[in-house]
Amino acid sequence: MTEAPLKLFNSLTRKLEVFEPVHAGEARVYTCGPTVYNYAHIGNMRAYVFADVLGRTLTWKGYDLTHVINITDVGHLTDDADAGEDKLEKAAAGSQRSIREIAAHYTAAFKADVAALNIREPARWSVATDYIDEMIAFAKSIADRHCYMLDSGLYFDVSTVEDYGRLARAVTEEGEGRIDAVEGKRNAADFAIWRTTPPGEKRQMEWDSPWGRGAPGWHLECSVMGEALLGFPFDIHTGGIDHREIHHPNEIAQNQAFCGCGGLDDARNSGAKIWMHNNFLVERSGKMSKSSGEFLRLRLLVEKGYHPLAYRMMCLQAHYRSELEFSWEGLGAALTRLKRMVQRIENLKARHAELVSASMPDASNWSHEEGWSLKQVQDDELESWVDFFINFDASMSEDLNSAIAITVLEDVLARKKVLPSETLKVVAGMDAVLGLDLLGLTRSDLRIRPVSATITEDEIEAALAERKQARAAKDFARSDAIRDELSRQGVEVMDGDPLGWEWRLER
Ligand code: AMP
Ligand code: ZN
(Lines give C-alpha, C1' and ligand atoms only; values in the text may rest on other atoms or scores of the structure.)
(Ligands and ions follow the chains in the order given, each with its own letter.)
Protein backbone atom coordinates (compact mmCIF):
# COMPACT_ATOMS: atom_id res chain seq x y z
CA MET A 1 0.00 0.00 0.00
CA THR A 2 1.22 3.41 -0.78
CA GLU A 3 0.53 6.96 0.08
CA ALA A 4 -2.80 8.44 -1.05
CA PRO A 5 -2.78 11.19 -3.68
CA LEU A 6 -3.54 14.60 -2.16
CA LYS A 7 -6.97 15.77 -3.28
CA LEU A 8 -8.10 19.32 -2.69
CA PHE A 9 -11.38 21.04 -3.48
CA ASN A 10 -10.86 23.76 -6.06
CA SER A 11 -13.51 26.46 -5.69
CA LEU A 12 -12.85 27.55 -9.25
CA THR A 13 -13.88 24.21 -10.77
CA ARG A 14 -16.03 23.15 -7.80
CA LYS A 15 -14.29 19.78 -7.93
CA LEU A 16 -11.87 17.71 -5.94
CA GLU A 17 -8.57 17.76 -7.79
CA VAL A 18 -5.37 15.85 -7.33
CA PHE A 19 -2.65 18.26 -6.30
CA GLU A 20 0.07 18.50 -8.91
CA PRO A 21 2.62 21.17 -8.15
CA VAL A 22 3.51 23.83 -10.67
CA HIS A 23 7.18 23.41 -9.74
CA ALA A 24 8.26 19.84 -9.06
CA GLY A 25 8.62 19.15 -5.34
CA GLU A 26 7.37 22.58 -4.29
CA ALA A 27 4.12 24.02 -3.02
CA ARG A 28 3.56 27.77 -3.19
CA VAL A 29 0.60 29.06 -1.23
CA TYR A 30 -0.83 32.56 -0.81
CA THR A 31 -3.29 33.34 1.96
CA CYS A 32 -5.27 36.56 2.16
CA GLY A 33 -4.28 38.05 5.46
CA PRO A 34 -5.93 40.29 8.00
CA THR A 35 -6.87 43.91 7.59
CA VAL A 36 -5.19 45.35 10.63
CA TYR A 37 -7.65 48.01 11.74
CA ASN A 38 -9.02 45.97 14.63
CA TYR A 39 -8.42 42.71 16.49
CA ALA A 40 -9.11 39.48 14.65
CA HIS A 41 -12.10 37.52 15.91
CA ILE A 42 -11.91 33.77 16.24
CA GLY A 43 -13.83 33.39 12.96
CA ASN A 44 -10.98 35.17 11.19
CA MET A 45 -8.55 32.86 12.95
CA ARG A 46 -10.37 29.85 11.52
CA ALA A 47 -9.13 30.99 8.10
CA TYR A 48 -5.51 30.83 9.30
CA VAL A 49 -5.90 27.53 11.14
CA PHE A 50 -7.23 26.13 7.88
CA ALA A 51 -4.33 27.57 5.84
CA ASP A 52 -1.90 26.22 8.44
CA VAL A 53 -3.34 22.71 8.26
CA LEU A 54 -3.13 22.90 4.47
CA GLY A 55 0.53 23.97 4.71
CA ARG A 56 1.36 21.26 7.26
CA THR A 57 -0.31 18.66 5.05
CA LEU A 58 1.73 19.78 2.05
CA THR A 59 4.86 19.43 4.20
CA TRP A 60 3.71 15.97 5.33
CA LYS A 61 3.32 15.04 1.66
CA GLY A 62 6.93 15.98 1.12
CA TYR A 63 6.54 19.31 -0.68
CA ASP A 64 8.87 22.17 0.01
CA LEU A 65 6.34 24.78 1.14
CA THR A 66 6.53 28.52 0.54
CA HIS A 67 3.62 30.17 2.30
CA VAL A 68 2.88 33.89 2.09
CA ILE A 69 0.30 35.67 4.23
CA ASN A 70 -0.24 39.33 3.59
CA ILE A 71 -1.01 42.10 6.03
CA THR A 72 -3.47 44.61 4.60
CA ASP A 73 -2.64 48.03 5.99
CA VAL A 74 -4.22 50.08 3.21
CA GLY A 75 -6.97 49.81 0.64
CA HIS A 76 -9.62 47.58 2.24
CA LEU A 77 -12.86 49.53 2.25
CA THR A 78 -15.62 49.13 4.77
CA ASP A 79 -17.52 47.26 2.05
CA ASP A 80 -15.74 44.55 0.04
CA ALA A 81 -17.11 46.08 -3.12
CA ASP A 82 -16.24 49.64 -3.94
CA ALA A 83 -18.14 51.45 -1.28
CA GLY A 84 -17.28 53.09 1.97
CA GLU A 85 -14.07 54.32 3.47
CA ASP A 86 -10.68 52.74 3.91
CA LYS A 87 -10.94 50.71 7.13
CA LEU A 88 -7.65 52.02 8.45
CA GLU A 89 -8.32 55.66 7.56
CA LYS A 90 -11.63 55.30 9.38
CA ALA A 91 -10.03 53.74 12.46
CA ALA A 92 -7.43 56.51 12.59
CA ALA A 93 -10.02 59.24 12.17
CA GLY A 94 -11.63 58.13 15.41
CA SER A 95 -8.43 57.93 17.44
CA GLN A 96 -5.30 59.80 18.44
CA ARG A 97 -3.09 57.27 16.76
CA SER A 98 -1.62 57.28 13.27
CA ILE A 99 -2.46 54.56 10.78
CA ARG A 100 1.04 53.17 11.15
CA GLU A 101 0.61 52.88 14.91
CA ILE A 102 -2.79 51.28 14.52
CA ALA A 103 -1.51 48.81 11.94
CA ALA A 104 1.53 47.94 14.08
CA HIS A 105 -0.64 47.35 17.14
CA TYR A 106 -3.14 45.05 15.45
CA THR A 107 -0.46 43.26 13.46
CA ALA A 108 1.31 42.39 16.71
CA ALA A 109 -1.97 41.24 18.28
CA PHE A 110 -2.70 39.10 15.23
CA LYS A 111 0.73 37.48 15.32
CA ALA A 112 0.24 36.70 19.02
CA ASP A 113 -3.00 34.87 18.14
CA VAL A 114 -1.20 33.04 15.36
CA ALA A 115 1.44 31.85 17.82
CA ALA A 116 -1.13 30.90 20.47
CA LEU A 117 -2.95 28.74 17.94
CA ASN A 118 0.31 27.02 16.97
CA ILE A 119 -0.05 28.29 13.42
CA ARG A 120 3.33 28.06 11.75
CA GLU A 121 4.87 31.35 10.69
CA PRO A 122 4.68 31.75 6.91
CA ALA A 123 7.86 32.16 4.90
CA ARG A 124 6.78 35.77 4.39
CA TRP A 125 4.39 38.22 5.95
CA SER A 126 3.96 40.62 3.07
CA VAL A 127 2.83 44.08 4.08
CA ALA A 128 0.73 45.87 1.46
CA THR A 129 2.34 49.29 1.86
CA ASP A 130 5.77 47.77 1.11
CA TYR A 131 4.57 46.98 -2.40
CA ILE A 132 3.21 50.30 -3.66
CA ASP A 133 5.78 50.62 -6.47
CA GLU A 134 5.02 47.09 -7.65
CA MET A 135 1.29 47.85 -7.52
CA ILE A 136 1.71 50.94 -9.66
CA ALA A 137 3.83 48.98 -12.18
CA PHE A 138 1.24 46.17 -12.28
CA ALA A 139 -1.63 48.62 -12.76
CA LYS A 140 0.31 50.47 -15.49
CA SER A 141 0.81 47.24 -17.39
CA ILE A 142 -2.91 46.52 -17.56
CA ALA A 143 -4.36 50.04 -17.59
CA ASP A 144 -4.44 50.62 -21.36
CA ARG A 145 -6.27 47.48 -22.28
CA HIS A 146 -8.42 46.85 -19.23
CA CYS A 147 -9.06 50.04 -17.29
CA TYR A 148 -10.65 53.45 -17.57
CA MET A 149 -10.51 56.63 -15.53
CA LEU A 150 -13.30 58.16 -13.50
CA ASP A 151 -13.04 61.06 -11.08
CA SER A 152 -12.72 58.66 -8.18
CA GLY A 153 -9.93 56.59 -9.69
CA LEU A 154 -8.80 53.99 -12.15
CA TYR A 155 -11.41 51.30 -12.73
CA PHE A 156 -11.07 47.78 -14.05
CA ASP A 157 -13.54 46.89 -16.80
CA VAL A 158 -14.60 43.32 -16.05
CA SER A 159 -15.93 42.79 -19.58
CA THR A 160 -12.35 42.85 -20.89
CA VAL A 161 -11.50 39.41 -19.49
CA GLU A 162 -13.11 36.08 -20.23
CA ASP A 163 -15.23 34.29 -17.66
CA TYR A 164 -15.38 37.13 -15.15
CA GLY A 165 -17.02 35.99 -11.94
CA ARG A 166 -16.70 32.26 -12.58
CA LEU A 167 -15.29 31.71 -9.10
CA ALA A 168 -18.42 33.22 -7.57
CA ARG A 169 -20.40 31.13 -10.06
CA ALA A 170 -22.90 33.80 -10.91
CA VAL A 171 -22.82 37.51 -10.73
CA THR A 172 -26.38 37.50 -9.54
CA GLU A 173 -28.63 40.47 -9.79
CA GLU A 174 -28.83 40.41 -6.06
CA GLY A 175 -25.03 40.49 -5.93
CA GLU A 176 -24.92 43.38 -8.31
CA GLY A 177 -27.50 45.21 -6.30
CA ARG A 178 -25.11 45.12 -3.37
CA ILE A 179 -22.46 46.98 -5.29
CA ASP A 180 -22.87 50.69 -4.91
CA ALA A 181 -23.28 52.45 -8.18
CA VAL A 182 -20.38 54.73 -8.97
CA GLU A 183 -21.35 57.15 -11.64
CA GLY A 184 -19.76 56.33 -14.96
CA LYS A 185 -18.95 52.68 -14.25
CA ARG A 186 -19.30 50.60 -17.40
CA ASN A 187 -20.38 47.44 -15.61
CA ALA A 188 -21.83 47.12 -12.14
CA ALA A 189 -19.01 44.77 -11.13
CA ASP A 190 -16.18 47.06 -12.29
CA PHE A 191 -13.91 47.97 -9.41
CA ALA A 192 -11.30 50.56 -8.55
CA ILE A 193 -7.72 49.45 -8.75
CA TRP A 194 -6.44 52.91 -7.80
CA ARG A 195 -8.52 55.30 -5.70
CA THR A 196 -7.69 58.90 -6.34
CA THR A 197 -7.82 61.22 -3.36
CA PRO A 198 -10.67 63.69 -3.93
CA PRO A 199 -9.56 67.30 -4.43
CA GLY A 200 -9.20 69.15 -1.14
CA GLU A 201 -8.96 65.93 0.90
CA LYS A 202 -5.82 64.61 2.53
CA ARG A 203 -5.40 60.96 3.38
CA GLN A 204 -2.75 59.62 5.73
CA MET A 205 -2.01 56.88 3.25
CA GLU A 206 -1.52 58.23 -0.25
CA TRP A 207 1.06 58.05 -2.99
CA ASP A 208 1.71 59.67 -6.36
CA SER A 209 0.73 57.64 -9.38
CA PRO A 210 0.00 58.14 -13.09
CA TRP A 211 -3.66 58.39 -12.05
CA GLY A 212 -3.10 61.09 -9.48
CA ARG A 213 -2.35 60.99 -5.78
CA GLY A 214 -4.22 58.19 -4.09
CA ALA A 215 -4.13 54.65 -2.76
CA PRO A 216 -4.29 51.19 -4.29
CA GLY A 217 -7.43 49.08 -4.36
CA TRP A 218 -7.51 46.11 -2.02
CA HIS A 219 -7.81 43.52 -4.80
CA LEU A 220 -4.74 44.91 -6.52
CA GLU A 221 -2.60 44.27 -3.44
CA CYS A 222 -3.12 40.55 -3.37
CA SER A 223 -2.60 40.13 -7.11
CA VAL A 224 0.66 42.03 -6.89
CA MET A 225 2.08 40.38 -3.78
CA GLY A 226 1.10 36.91 -5.02
CA GLU A 227 2.85 37.54 -8.32
CA ALA A 228 5.89 39.24 -6.78
CA LEU A 229 6.55 36.58 -4.16
CA LEU A 230 5.28 33.37 -5.72
CA GLY A 231 5.10 34.00 -9.49
CA PHE A 232 2.06 33.25 -11.68
CA PRO A 233 0.77 30.67 -11.70
CA PHE A 234 1.45 29.53 -8.15
CA ASP A 235 -0.19 26.50 -6.58
CA ILE A 236 -2.87 27.48 -4.12
CA HIS A 237 -4.65 30.65 -3.07
CA THR A 238 -6.70 30.56 0.13
CA GLY A 239 -9.15 32.76 1.99
CA GLY A 240 -12.48 32.74 3.74
CA ILE A 241 -15.59 31.92 1.73
CA ASP A 242 -16.67 35.56 1.57
CA HIS A 243 -13.66 36.18 -0.66
CA ARG A 244 -15.09 33.79 -3.23
CA GLU A 245 -17.71 36.38 -4.11
CA ILE A 246 -15.87 39.64 -4.76
CA HIS A 247 -12.24 39.85 -3.69
CA HIS A 248 -10.98 36.74 -5.44
CA PRO A 249 -12.99 37.11 -8.68
CA ASN A 250 -11.49 40.58 -8.92
CA GLU A 251 -8.00 39.33 -8.19
CA ILE A 252 -8.47 36.70 -10.86
CA ALA A 253 -9.62 39.27 -13.44
CA GLN A 254 -6.51 41.38 -12.76
CA ASN A 255 -4.28 38.33 -12.98
CA GLN A 256 -5.78 37.33 -16.33
CA ALA A 257 -5.19 40.85 -17.59
CA PHE A 258 -1.61 40.87 -16.32
CA CYS A 259 -0.74 37.53 -17.91
CA GLY A 260 -2.52 38.31 -21.13
CA CYS A 261 -4.20 34.99 -20.40
CA GLY A 262 -7.32 33.51 -21.84
CA GLY A 263 -10.36 32.09 -20.08
CA LEU A 264 -10.63 30.11 -16.92
CA ASP A 265 -11.16 26.66 -18.42
CA ASP A 266 -7.46 26.48 -17.73
CA ALA A 267 -7.35 27.33 -14.02
CA ARG A 268 -3.71 28.43 -14.29
CA ASN A 269 -4.87 31.55 -16.15
CA SER A 270 -6.36 32.72 -12.88
CA GLY A 271 -2.91 33.20 -11.33
CA ALA A 272 -3.19 30.12 -9.11
CA LYS A 273 -4.03 26.54 -9.94
CA ILE A 274 -6.29 25.95 -6.99
CA TRP A 275 -8.48 28.38 -5.06
CA MET A 276 -9.52 27.14 -1.62
CA HIS A 277 -11.98 28.69 0.80
CA ASN A 278 -12.82 27.92 4.39
CA ASN A 279 -16.41 28.22 5.47
CA PHE A 280 -17.48 30.55 8.25
CA LEU A 281 -17.50 30.20 11.96
CA VAL A 282 -20.94 31.43 12.92
CA GLU A 283 -22.70 32.34 16.09
CA ARG A 284 -26.16 31.07 16.77
CA SER A 285 -27.43 34.53 16.07
CA GLY A 286 -25.77 34.57 12.64
CA LYS A 287 -22.55 35.82 11.15
CA MET A 288 -19.69 36.62 13.47
CA SER A 289 -18.83 40.24 13.59
CA LYS A 290 -16.41 42.60 15.23
CA SER A 291 -19.06 45.13 15.92
CA SER A 292 -22.10 43.28 17.24
CA GLY A 293 -22.63 41.25 20.39
CA GLU A 294 -19.77 39.75 22.37
CA PHE A 295 -16.59 40.24 20.38
CA LEU A 296 -15.14 36.75 20.30
CA ARG A 297 -11.43 37.26 20.44
CA LEU A 298 -9.02 34.49 21.31
CA ARG A 299 -8.15 36.45 24.42
CA LEU A 300 -11.73 36.32 25.62
CA LEU A 301 -11.64 32.53 25.35
CA VAL A 302 -8.52 32.45 27.50
CA GLU A 303 -10.07 34.82 30.03
CA LYS A 304 -12.94 32.39 30.34
CA GLY A 305 -10.55 29.53 31.04
CA TYR A 306 -10.18 27.90 27.62
CA HIS A 307 -6.76 27.19 26.22
CA PRO A 308 -6.32 28.58 22.66
CA LEU A 309 -5.53 25.10 21.36
CA ALA A 310 -9.00 23.97 22.45
CA TYR A 311 -10.24 26.36 19.77
CA ARG A 312 -7.82 24.87 17.28
CA MET A 313 -9.19 21.43 18.20
CA MET A 314 -12.71 22.75 17.66
CA CYS A 315 -11.76 23.91 14.17
CA LEU A 316 -10.08 20.62 13.32
CA GLN A 317 -13.10 18.62 14.42
CA ALA A 318 -15.13 20.18 11.62
CA HIS A 319 -14.39 20.02 7.93
CA TYR A 320 -13.04 23.35 6.73
CA ARG A 321 -15.74 23.57 4.05
CA SER A 322 -18.56 23.18 6.57
CA GLU A 323 -20.01 26.02 8.49
CA LEU A 324 -19.04 25.70 12.14
CA GLU A 325 -21.29 27.01 14.84
CA PHE A 326 -19.50 28.39 17.84
CA SER A 327 -20.77 27.53 21.30
CA TRP A 328 -19.12 27.54 24.70
CA GLU A 329 -20.29 23.95 25.23
CA GLY A 330 -18.66 22.93 21.95
CA LEU A 331 -15.46 24.64 22.98
CA GLY A 332 -15.62 22.93 26.38
CA ALA A 333 -16.01 19.54 24.70
CA ALA A 334 -13.00 20.26 22.46
CA LEU A 335 -10.97 21.20 25.54
CA THR A 336 -11.94 17.96 27.28
CA ARG A 337 -10.91 15.97 24.24
CA LEU A 338 -7.56 17.73 24.14
CA LYS A 339 -7.08 17.15 27.87
CA ARG A 340 -7.70 13.44 27.46
CA MET A 341 -5.11 13.18 24.73
CA VAL A 342 -2.56 15.20 26.68
CA GLN A 343 -3.17 13.17 29.83
CA ARG A 344 -2.57 9.94 27.94
CA ILE A 345 0.60 11.37 26.43
CA GLU A 346 1.84 12.45 29.85
CA ASN A 347 1.36 8.89 31.03
CA LEU A 348 3.27 7.59 28.04
CA LYS A 349 6.10 10.00 28.73
CA ALA A 350 6.22 8.92 32.36
CA ARG A 351 6.22 5.27 31.41
CA HIS A 352 8.98 5.91 28.90
CA ALA A 353 11.05 7.65 31.56
CA GLU A 354 10.62 4.63 33.85
CA LEU A 355 11.82 2.29 31.13
CA VAL A 356 14.80 4.49 30.46
CA SER A 357 15.78 4.66 34.10
CA ALA A 358 15.44 0.89 34.41
CA SER A 359 17.65 0.52 31.32
CA MET A 360 15.00 -1.46 29.56
CA PRO A 361 15.36 -2.26 25.86
CA ASP A 362 13.17 0.71 25.02
CA ALA A 363 15.71 3.13 26.44
CA SER A 364 16.27 4.89 23.16
CA ASN A 365 16.97 8.58 23.31
CA TRP A 366 13.56 9.70 22.26
CA SER A 367 13.05 13.40 21.85
CA HIS A 368 9.76 14.88 20.91
CA GLU A 369 10.96 16.51 17.73
CA GLU A 370 11.40 13.05 16.35
CA GLY A 371 8.26 11.88 14.58
CA TRP A 372 7.74 9.05 12.21
CA SER A 373 6.46 9.44 8.69
CA LEU A 374 4.50 6.94 6.65
CA LYS A 375 7.60 6.25 4.59
CA GLN A 376 9.77 5.56 7.63
CA VAL A 377 7.18 3.23 9.08
CA GLN A 378 7.01 1.34 5.80
CA ASP A 379 10.77 1.31 5.18
CA ASP A 380 11.57 0.18 8.70
CA GLU A 381 8.87 -2.47 8.53
CA LEU A 382 7.12 -1.23 11.64
CA GLU A 383 4.20 -3.25 10.53
CA SER A 384 1.89 -2.77 13.45
CA TRP A 385 1.84 0.97 12.73
CA VAL A 386 1.43 0.96 8.98
CA ASP A 387 -2.36 0.87 8.92
CA PHE A 388 -2.62 3.79 11.31
CA PHE A 389 -0.40 5.86 9.06
CA ILE A 390 -2.25 4.84 5.95
CA ASN A 391 -5.57 5.82 7.50
CA PHE A 392 -4.20 9.08 8.79
CA ASP A 393 -2.64 9.93 5.45
CA ALA A 394 -5.78 8.95 3.57
CA SER A 395 -7.92 11.23 5.77
CA MET A 396 -5.72 14.27 5.37
CA SER A 397 -5.28 13.56 1.66
CA GLU A 398 -9.03 13.60 1.15
CA ASP A 399 -9.42 17.37 1.14
CA LEU A 400 -7.92 17.75 4.62
CA ASN A 401 -10.32 15.61 6.60
CA SER A 402 -8.80 16.44 9.96
CA ALA A 403 -11.93 15.29 11.79
CA ILE A 404 -11.20 11.69 10.82
CA ALA A 405 -7.45 12.11 11.25
CA ILE A 406 -7.97 13.03 14.92
CA THR A 407 -9.86 9.81 15.51
CA VAL A 408 -6.95 7.87 13.99
CA LEU A 409 -4.62 9.60 16.42
CA GLU A 410 -6.97 8.69 19.28
CA ASP A 411 -6.81 5.07 18.13
CA VAL A 412 -3.04 5.33 18.26
CA LEU A 413 -3.22 6.63 21.83
CA ALA A 414 -5.60 3.86 22.84
CA ARG A 415 -3.19 1.13 21.77
CA LYS A 416 -2.02 -1.06 24.60
CA LYS A 417 1.09 -3.18 24.92
CA VAL A 418 3.31 -1.14 22.69
CA LEU A 419 6.51 0.59 23.65
CA PRO A 420 5.69 4.14 24.75
CA SER A 421 8.54 5.55 22.69
CA GLU A 422 6.95 4.11 19.57
CA THR A 423 3.56 5.58 20.32
CA LEU A 424 5.20 8.92 21.05
CA LYS A 425 6.99 8.89 17.71
CA VAL A 426 3.73 8.18 15.94
CA VAL A 427 2.05 11.02 17.82
CA ALA A 428 4.89 13.36 16.90
CA GLY A 429 4.58 12.42 13.23
CA MET A 430 0.84 12.92 13.10
CA ASP A 431 0.72 16.00 15.27
CA ALA A 432 3.15 17.69 12.90
CA VAL A 433 0.09 17.82 10.62
CA LEU A 434 -2.61 18.62 13.15
CA GLY A 435 -0.52 21.13 15.07
CA LEU A 436 -2.15 20.57 18.46
CA ASP A 437 1.25 20.70 20.18
CA LEU A 438 0.37 17.43 21.87
CA LEU A 439 3.90 16.70 22.98
CA GLY A 440 4.62 20.18 24.23
CA LEU A 441 1.41 20.70 26.20
CA THR A 442 1.02 19.54 29.77
CA ARG A 443 -2.19 19.03 31.66
CA SER A 444 -1.39 22.00 33.80
CA ASP A 445 -0.99 24.20 30.70
CA LEU A 446 -4.57 23.33 29.89
CA ARG A 447 -5.85 24.39 33.29
CA ILE A 448 -6.38 28.06 32.81
CA ARG A 449 -7.96 29.93 35.66
CA PRO A 450 -10.82 32.05 34.38
CA VAL A 451 -10.26 35.68 35.33
CA SER A 452 -13.65 35.67 36.95
CA ALA A 453 -12.92 32.72 39.29
CA THR A 454 -13.93 33.84 42.77
CA ILE A 455 -15.13 30.63 44.39
CA THR A 456 -14.10 30.10 48.02
CA GLU A 457 -12.74 26.94 49.59
CA ASP A 458 -15.86 26.47 51.69
CA GLU A 459 -18.01 26.58 48.59
CA ILE A 460 -15.79 24.05 46.88
CA GLU A 461 -15.91 21.69 49.87
CA ALA A 462 -19.70 21.98 50.06
CA ALA A 463 -20.08 21.20 46.37
CA LEU A 464 -17.76 18.22 46.67
CA ALA A 465 -19.70 16.89 49.64
CA GLU A 466 -22.88 17.11 47.61
CA ARG A 467 -21.16 15.36 44.73
CA LYS A 468 -20.06 12.53 47.02
CA GLN A 469 -23.64 12.01 48.11
CA ALA A 470 -24.83 12.02 44.50
CA ARG A 471 -22.25 9.42 43.59
CA ALA A 472 -23.18 7.27 46.57
CA ALA A 473 -26.77 7.41 45.35
CA LYS A 474 -25.54 6.53 41.83
CA ASP A 475 -26.90 9.82 40.52
CA PHE A 476 -24.05 10.28 38.06
CA ALA A 477 -25.81 12.91 36.02
CA ARG A 478 -25.94 15.13 39.11
CA SER A 479 -22.37 14.36 40.09
CA ASP A 480 -21.15 15.19 36.58
CA ALA A 481 -23.15 18.39 36.58
CA ILE A 482 -21.52 19.44 39.85
CA ARG A 483 -18.09 18.66 38.48
CA ASP A 484 -18.80 20.65 35.31
CA GLU A 485 -20.08 23.59 37.29
CA LEU A 486 -16.96 23.53 39.46
CA SER A 487 -14.84 23.37 36.35
CA ARG A 488 -16.58 26.42 34.96
CA GLN A 489 -15.61 28.18 38.16
CA GLY A 490 -12.00 27.19 37.69
CA VAL A 491 -11.93 24.18 39.99
CA GLU A 492 -10.64 20.88 38.74
CA VAL A 493 -12.00 17.84 40.55
CA MET A 494 -9.30 15.21 40.79
CA ASP A 495 -10.91 11.83 41.27
CA GLY A 496 -8.43 9.13 42.17
CA ASP A 497 -5.51 11.50 42.41
CA PRO A 498 -2.57 9.42 43.67
CA LEU A 499 -1.59 12.14 46.12
CA GLY A 500 -5.09 12.33 47.49
CA TRP A 501 -5.85 15.86 46.37
CA GLU A 502 -9.53 16.09 45.72
CA TRP A 503 -9.48 19.31 43.78
CA ARG A 504 -7.28 22.11 42.65
CA LEU A 505 -7.94 25.59 41.52
CA GLU A 506 -7.03 25.98 37.91
CA ARG A 507 -4.46 28.60 37.09
P1 AMP B 1 -10.41 40.29 7.25
O2 AMP B 1 -9.42 40.66 8.30
O3 AMP B 1 -11.76 40.84 7.48
O4 AMP B 1 -9.90 40.60 5.86
O5 AMP B 1 -10.61 38.70 7.33
C6 AMP B 1 -9.56 37.81 7.48
C7 AMP B 1 -9.95 36.42 7.02
O8 AMP B 1 -11.00 35.88 7.82
C9 AMP B 1 -10.48 36.36 5.59
O10 AMP B 1 -9.93 35.22 4.95
C11 AMP B 1 -11.97 36.20 5.77
O12 AMP B 1 -12.55 35.57 4.67
C13 AMP B 1 -12.02 35.33 7.00
N14 AMP B 1 -13.27 35.38 7.78
C15 AMP B 1 -13.99 36.47 8.11
N16 AMP B 1 -15.02 36.14 8.92
C17 AMP B 1 -14.94 34.80 9.11
C18 AMP B 1 -15.71 33.85 9.87
N19 AMP B 1 -16.76 34.22 10.61
N20 AMP B 1 -15.35 32.56 9.83
C21 AMP B 1 -14.27 32.16 9.11
N22 AMP B 1 -13.50 33.00 8.38
C23 AMP B 1 -13.82 34.31 8.38
ZN1 ZN C 1 -6.51 39.09 -0.63
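Mentor: Donors are N, O and S atoms within 2.8 Å of the metal (3.2 Å for Na, K and Ca), and since water is not among the atoms, sites may look incomplete. This is a predicted model, in which local features need pLDDT of at least 70 and side-chain atom pairs count only at pLDDT 80 or more, while totals for chains, interfaces and linings use all residues. Residues are numbered from 1 along each chain as its sequence is written, chains are lettered from A and ligands numbered from 1 in the order in which they are written, and side-chain values use heavy atoms, with hydrogens and water left out.

At the zinc ion (ligand 2), the coordinating atoms are SG of Cys 32, SG of Cys 222 and NE2 of His 247, at 2.0 to 2.2 Å. Along the chain, these donors follow the spacing C-x189-C-x24-H. Cys 32 sits in the loop between β3 (26–31) and α1 (42–60), whereas Cys 222 belongs to helix α6 (residues 218–230), so the pair ties together parts that are 190 residues apart in sequence. Helices (H or I, at least four residues) and strands (E, at least two) are DSSP runs, numbered from the N terminus. Cys 32 and Cys 222 are both buried, where buried means under 20% relative accessible area, exposed over 50%, and partly exposed in between (1.4 Å probe, protein chains only).

The charged pairs come next. The whole structure has 27 salt bridges, a salt bridge being a side-chain nitrogen of Lys or Arg within 4 Å of a carboxyl oxygen of Asp or Glu. In the one between Lys 61 and Asp 393, the closest N and O atoms are 2.9 Å apart. Since Lys 61 lies in the loop between α1 and β4 (64–71) and Asp 393 in helix α12 (residues 383–397), this pair ties together parts that are 332 residues apart in sequence. Both Lys 61 and Asp 393 are buried.

Arg 268 pairs with Asp 266 in a salt bridge whose closest N and O atoms are 3.0 Å apart; Arg 268 counts as partly exposed because its relative accessibility is 44%, and Asp 266 likewise counts as partly exposed, at 29%. Arg 351 forms a salt bridge with Glu 354, with 3.1 Å between the closest N and O atoms, and both residues lie in helix α10 (residues 328–357), three residues apart, about one turn of the helix. Arg 351 is partly exposed at 41% relative accessibility, and Glu 354 is partly exposed at 47%. Elsewhere, Lys 202, Glu 206, Asp 208 and Arg 213 are joined into one network by salt bridges that share partners.

Turning to the buried parts, helix α9 (residues 308–317) is mostly covered, with nine of its ten residues buried; among them are Tyr 311, Arg 312 and Cys 315. In strand β10 (residues 234–240) we find Thr 238, which counts as buried because its relative accessible area is 0%. Thr 238 and Ile 274 are 36 residues apart in sequence, and their C-alpha atoms are 8.5 Å apart in space.
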